[in-house]
Structure formats: structure tokens, C-alpha cells
Amino acid sequence: MTAESTHPHEPIELWVKELAHHLEVDGIEIDIDAVLALAGQAAHTVVRPAAPVTTYLIGYVAGLAEATGQADFQTASRAASRVAAELLERRSGAVG
């Protein structure tokens with residue numbers, strides 16, 4: 001059994017840490033499971049390319065909210081994720 005099979009998010013966690021360092025946002029906390037779940041929901045409900053676009057837009061909105069003092073990043077990110085999840089849920093209900 002490899003290290004990857006015992007900890008499947010390790011490559012992603014290492015990438016996030018490296019990228020955050022180079023983007024000068026060291027220490028950012030990202031709930032990888034939540035991001036992947038929402039991306040998967042977008043991919044399966046809309047179309048596959050909706051996954052990265054959805055997560056990008058949530059990050060953009062959360063960053064904008066923090067930059068303008070409307071909310072801290074974590075709060076804004078959770079709120080934007082809830083909005084996206086609710087829209088995707090409605091959409092999946094309308095399709096089925």
C-alpha cells in the first residue's frame with residue numbers, strides 16, 4: 001500500500017500549501033473535502049467544466065467580501081458555497 005492510498009488528499013494538500021506560499025497567502029485553511037464535493041456536484045448537475053468555474057467564483061466572491069470588509073474569508077466562503085449548493089440542489093431536482 002502506498003502513502004497516496006492511505007492519505008488520498010496528500011498530493012492536493014501539498015499543492016495547496018505550495019501554491020498558497022507562492023501566492024503569498026500562507027496558512028490559508030481550505031476544506032478540501034467540501035471543495036471537492038461541491039465541485040463534483042457542479043460537474044454532475046451542470047456539466048463537468050462547471051466544477052472549476054464554480055469553485056473559482058466562490059473563491060472570488062469570498063475574497064471580494066473580505067477585501068471590502070463585508071465578511072471574513074471563511075464566513076464568506078461558507079455562505080457562497082451554501083448558495084451554490086442550494087442552486088445545484090434545485091437544479092438537480094428540476095432535471096430529475
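The expected span is 1.5 Å times one less than the number of residues. This is a predicted model: local features need pLDDT of at least 70, side-chain atom pairs count only at pLDDT 80 or more, and totals for chains, interfaces and linings use all residues. Residues are numbered from 1 along each chain as its sequence is written, and side-chain values use heavy atoms, with hydrogens and water left out.

**Overall fold**
- The protein holds five helices and zero strands, running α-α-α-α-α from the N terminus.
- Helices (H or I, at least four residues) and strands (E, at least two) are DSSP runs, numbered from the N terminus.
- Along the principal axes, the C-alpha atoms fill a box of roughly 45 × 40 × 20 Å.
- Of the 96 residues, 20% count as buried, meaning under 20% relative accessible area; exposed is over 50%, and partly exposed lies in between (1.4 Å probe, protein chains only).

**Confidence**
- Mean pLDDT (the predictor's confidence in each residue, from 0 to 100) is 91, and 92% of residues reach 70 or more.
- Confidence is lowest in helix H1 (residues 3-6), at a mean of 54, and highest in helix H4 (residues 50-67), at 97.

**Domain record**
- UniProt lists residues 8-91 as "domain: DUF6457", in an unreviewed entry.
- UniProt positions follow the numbering used here, feature names are shortened, and annotations may be inferred rather than shown by experiment.
- Over residues 8-91 the chain is 76% helix and 0% strand, with end C-alpha atoms 30 Å apart.

- The 13 residues of H2 should span 18 Å at 1.5 Å a residue, and the end C-alpha atoms agree at 18 Å apart.
- Glu24 follows H2 and has a positive phi, near 60°.
- Leu19 sits in helix H2 (residues 10-22) and counts as partly exposed because its relative accessibility is 33%.

**Helix H3**
- Ile32, Leu38, Ala39, Ala42, Ala43 and Thr45 are buried in H3.
- Gln41 also belongs to H3; at 24% relative accessibility, Gln41 counts as partly exposed.
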